[in-house]
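Here is a short report on one chain. Look over the sequence and the fold before reading on.

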Amino acid sequence: MTLRACGLIVFRRLNVGKAPKPEAIEFLLLQTSYGKHHWTPPKGHVDLGEDDLQTALRETEEEAGLKSKDFTVLEGYKKELKYNVKNVPKTVIYWLAELKDNNVEITLSDEHQTFRWLNLDEACELAQHREMQEALREAHQFICTETMKPK
């Protein structure tokens, strides 16, 4: 048996309207209210009959209160993480989503006790797990190379 979960790496840009800079990107991380209180982007297990992206959208709304109208899922970024949880293989798939309005309110579920918007270094420090840190770095690189190109 392999556990499967899906979620969104949600980010926002600061100083919108000015020249884009990599340090103007912040990621949303949620701190769990159970276990070791780890930090992670919104994610959760796939329900029967759901596809992976539906799961990511549902979990982001349930855990952070963000509806699909609040963000844009970027094409071209999809990251699959594989690791073990108590000796059971787990796969987590993430898409990258850009917040449309930086003032949208985050509303946490009971599964989380707090959230933070963090730059890349801060997010990697709180994320702690190597696989998640790599996913955040890759997402940041994708944002900088793909979405900050002059149009």
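Which residue in the turn of the hairpin formed by strand 5 and strand 6 has a positive phi?

## The hairpin

Lys-86 does, at about 50°. The hairpin leaves 2 residues between strand 5 and strand 6. This is a predicted model, in which local features need pLDDT of at least 70, side-chain atom pairs count only at pLDDT 80 or more, and totals for chains, interfaces and linings use all residues. Residues are numbered from 1 along each chain as its sequence is written, and side-chain values use heavy atoms, with hydrogens and water left out.

Strand 5 (residues 71–85) and strand 6 (residues 88–99) run antiparallel, joined by 11 bridges. Strands pair if DSSP finds at least two bridges between them. Helices (H or I, at least four residues) and strands (E, at least two) are DSSP runs, numbered from the N terminus. Tyr-83 has Lys-90 of strand 6 as its bridge partner. Asn-87 sits in the loop between strand 5 and strand 6. Its phi is positive, about 65°, although Asn-87 is not a glycine. Most residues other than glycine have a negative phi. Asn-87 counts as exposed at 77% relative accessibility (buried means under 20% relative accessible area, exposed over 50%, partly exposed in between, with a 1.4 Å probe and protein chains only).

Strand 1 is largely enclosed by the rest of the structure, because 9 of its 11 residues are buried.

Arg-12 stands opposite Glu-26 in strand 2.

## Nonpolar cores

The largest nonpolar core has 24 residues. A nonpolar core is a set of buried Ala, Val, Leu, Ile, Met, Phe, Trp, Tyr and Cys residues joined through side-chain atoms within 4.5 Å. Ile-9, Phe-11, Phe-27, Tyr-77, Leu-96, Met-132 and Leu-136 touch the most other members. Strand 1, strand 2 (25–32), strand 5, strand 6, helix 2 (120–127) and helix 3 each supply at least two residues of this core. Helix 3 gives the largest share, 6 residues. A second, separate core holds 15 residues, including Leu-28, Ala-56, Phe-71 and Ala-97.

Take Met-132. Leaving aside neighbours within four places in sequence, Met-132 is in contact (heavy atoms within 4.5 Å) with Ile-9, Pro-41, Leu-81, Tyr-94 and Ala-127.

## The largest pocket

About 790 Å³ of space lies in the largest pocket. A pocket is an open set of points on a 1 Å grid over the protein atoms alone, where a 1.4 Å probe fits, with protein on both sides within 12 Å along at least five of seven lines; lining residues have an atom within 4 Å of a point. The volume is the space filled by probe spheres set on the points. The lining has 28 residues, and the closest to the pocket centre are His-38, Lys-43, Tyr-83, Val-85 and His-129.

Strand 1 (3–13), strand 3 (39–40), strand 4 (43–45), strand 5, strand 6 and helix 3 (130–147) each give two or more residues to the lining. Strand 5 provides the largest share, 4 residues. By type the lining divides into 11 nonpolar, 10 polar and 7 charged (Ala, Val, Leu, Ile, Met, Phe, Trp, Tyr, Cys and Pro count as nonpolar, Asp, Glu, Lys and Arg as charged, the others, Gly among them, as polar).

## Single residues

Lys-90 lies in strand 6. Is Lys-90 buried or exposed? Lys-90 counts as buried, at 11% relative accessibility. Lys-90 and Leu-3 are 87 residues apart in sequence, yet 4.5 Å apart in space, C-alpha to C-alpha. Beyond neighbours within four places in sequence, the contacts of Lys-90 include Thr-2, Ala-5, His-45 and Tyr-83.

Ile-25, in strand 2, counts as buried at 1% relative accessibility. Gln-128 lies in the loop between helix 2 and helix 3. Gln-128 is exposed, with a relative accessible area of 62%. Its phi is positive, about 65°, although Gln-128 is not a glycine.
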